Amino acid sequence: MVGMSADIARRELDAPKGDATLSWTRHRKPITLAFLVAMFNQFSGINAFLYYLNDIFKASGGSLSPDLQAVMIGVANMVFTLLGMLLIDRIGRRTLLLWGSAGMTAALTVGGLALLGVLPSWLLLPSLIVFIMFFAPGSGAVIWVYISEVFPQSVRARGSSIGSSSHWGWNAVIAQAFPIVAAWSAGVPFLVFAAMMAVQFVTVLFYFPETKGVPLEDMDAHLAR
């Protein structure tokens, strides 16, 4: 009995210890997914818009006050975030990201062209509201769910921190760069963000798996398919 116990203890000591260690070799797919979903969330321009919303509306020269327009954007963000919470487990994360990417690409293109004078300036406010309509239930609702559930349980905390850190890291970069580029051309940042949302659509379509309904215990095997 003592010999058997010693043999079991020896096997446990010799067992691989990698399960609780976040590794690029073993967790390449979830790390990449977490990084991408966080990066694209910021390259939608959402935080840059929220930080500099009044300046954006002042640049458009609309008849409504910038403060009133900012309140309208805030209300739209709240309403459609709640909608995203209702939809995320019904139609799926990947579907919301795809619809969101397509809608944001169109809305940001219109907003950029309005600021460049190609389209009427009054289209800026509707384009930003439509942008929020697609962002909030799409990237806005999906990001924090997706970056946590794609990692195995043993490394979920460490993996989620990668997505969260990259999200706020890109936020810092874009928050610093946006006013510099916008001072040169108010519409160009919108078109850059629109291009990134088009890239997100293609990336999600061909690389992102749907995770709706997949038990967390089976996620590792699901991502390996």
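How many salt bridges does the structure contain, if a salt bridge is a side-chain nitrogen of Lys or Arg within 4 Å of a carboxyl oxygen of Asp or Glu? By this rule the count comes to 2 salt bridges. The model is predicted, so that local features need pLDDT of at least 70 and side-chain atom pairs count only at pLDDT 80 or more, while totals for chains, interfaces and linings use all residues. Residues are numbered from 1 along each chain as its sequence is written, and side-chain values use heavy atoms, with hydrogens and water left out.

R93 forms a salt bridge with E149, the closest N and O atoms being 2.7 Å apart. R93 lies in helix α6 (residues 93–115) and E149 in helix α7 (residues 124–149), so the pair ties together parts that are 56 residues apart in sequence; helices here are DSSP runs of H or I with at least four residues, numbered from the N terminus. The side chain of R93 also meets that of D89 in a salt bridge, at 2.7 Å from N to O.

R93 counts as buried at 6%, and E149 is buried at 8%, whereas D89 is exposed at 54%.

Elsewhere, V71, V75, M78, V79, L82 and M85 make a nonpolar surface patch of about 580 Å². Such a patch joins nonpolar side chains (Val, Leu, Ile, Met, Phe, Trp, Tyr) within 5 Å, from residues with over 30% relative accessible area and no salt bridge; accessible areas come from the Shrake-Rupley method with a 1.4 Å probe. L82 lies in helix α5 (residues 66–91).

Conventions: Buried < 20%, exposed > 50% of the residue type's maximum accessible area, 1.4 Å probe, protein only. Helix = DSSP H or I, 4+ residues; strand = E, 2+ residues; numbered from the N terminus. Patch = residues over 30% accessible without salt bridge, like charges linked within 9 Å, V, L, I, M, F, W, Y side chains within 5 Å.
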